[in-house]
Amino acid sequence: MTLVDLPRTFEYLAYLGYNIYENESQLTAVQVTREKKIDLAKKQSSRNVYQCHVIGPMGAGKSSFCRSFIRSLTEKSSHLENTGTPTCTVNVVQVYGQEKIMILRDINVRNVSDPLLPHEVQCDVACLIYDINNAKSFEYIARIYIKYFAESKIPVLMVACKSDLEEVKQDYLLQPVTFCQKYKILPPQNFTVKGHLRKDVFVKLATMAAFPPHGLEAKLIVTRVLELL
């Protein structure tokens, strides 16, 4: 909550009776970390809370991906079904034996032609999702990557959702694997909520956020993590 909505955090602290008489102000309850540009320069972060923006066209599987971060979709939950999918989902991820808190924020795409706002782009790691069974799905995230992330230092992981279905050829100049090779990012990670739910994709995202290298260096770090899984 502190990362997503700081004013509301202060409201909750007041409701819970945070004692401002024994402290200078409510600010004493908040730890301010160093600027993100310093983390990028050092290629290492001192923070334990990271924000991942999940971006993709409608129907690609973003909501299911985010929900699976906190629970298995095979489990029945009438509460979740009644309330829908939250904008943010939060969970703890182990990175090199250390607990990291990752917040997945589902970026709502209204129309594929609409530009992303600055606050929808800025994050610690971006997860670009497409549907492998939809021939027109990959083009959207390819254009998003080129426009917003190709020249930035924000690490990006592409996720091929619905991998339990037949993979079709994408209606784009480059196929997903070739696209990733061209821009020197990790190849698309297969993901499905059917059957055994793989959580390693979340470890990769958290690792890329905690150690924000760019390009080929990201491959080396994630490869080391996979060897430990």
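Let me start with a term: a patch is made of residues with over 30% relative accessible area and no salt bridge, with like charges joined within 9 Å and nonpolar side chains (Val, Leu, Ile, Met, Phe, Trp, Tyr) joined within 5 Å. A salt bridge here is a side-chain nitrogen of Lys or Arg within 4 Å of a carboxyl oxygen of Asp or Glu. Accessible areas come from the Shrake-Rupley method with a 1.4 Å probe, and for residues only the protein chains shown count as cover.

Now the ground rules. This is a predicted model, where local features need pLDDT of at least 70 and side-chain atom pairs count only at pLDDT 80 or more, while totals for chains, interfaces and linings use all residues. Residues are numbered from 1 along each chain as its sequence is written, and side-chain values use heavy atoms, leaving out hydrogens and water.

The overview. The chain has 9 helices and 6 strands. Those are DSSP runs, numbered from the N terminus: helices are H or I with at least four residues, strands are E with at least two. Of the 229 residues, 43% are buried. Buried means under 20% relative accessible area, exposed means over 50%, and partly exposed is in between, with a 1.4 Å probe and protein chains only. The accessible surface is about 13,100 Å², and carbon and sulfur atoms hold 53% of that. Take the contacts (heavy atoms within 4.5 Å). Among those with a separation of 6 or more, 70% join residues 24 or more positions apart.

Back to the patch. Val49, Val90, Val92 and Ile101 make a nonpolar surface patch of about 270 Å². Val92 sits in strand β2. Its relative accessibility is 42%, so Val92 counts as partly exposed.

Stay with β2. Residues 88–95 form β2, and it pairs with β3, residues 98–106, in the antiparallel sense over 8 bridges. Pairing requires at least two DSSP bridges between the strands. Val95 stands opposite Gln98 in β3. The hairpin has 2 residues between the strands, and Tyr96 takes a positive phi near 55 degrees there.

Next, the inside. A nonpolar core is a set of buried Ala, Val, Leu, Ile, Met, Phe, Trp, Tyr and Cys residues joined through side-chain atoms within 4.5 Å. The largest has 28 residues, and Phe65, Met102, Leu104, Phe202 and Leu205 touch the most other members. Elements giving two or more residues are β1 (49–55), α3 (62–68), β2, β3, β4 (125–131), β5 (156–161) and α8 (200–210). Which element gives the most to this core? It is α8, with 8 residues. Apart from this core lies another, of 27 residues, including Ile55, Ala142, Tyr148 and Phe149.

Helix α8 is mostly covered, with 11 of its 11 residues buried. Among them are Asp200, Lys204 and Thr207.

Now Tyr140, in helix α6 (residues 137–149). Tyr140 is buried, at 8% relative accessible area. Leaving out residues up to four places away in sequence, Tyr140 touches Ile55, Gly56, Pro57, Val109, Val112 and Leu116.

Last, backbone angles. Most residues other than glycine have a negative phi. Lys162 has a positive phi of about 60 degrees. It lies in the loop between β5 and α7 (176–182), and is partly exposed at 28%. Lys184 has a positive phi near 55 degrees. Its loop runs between α7 and β6 (189–191). Lys184 is partly exposed too, at 45% relative accessibility.
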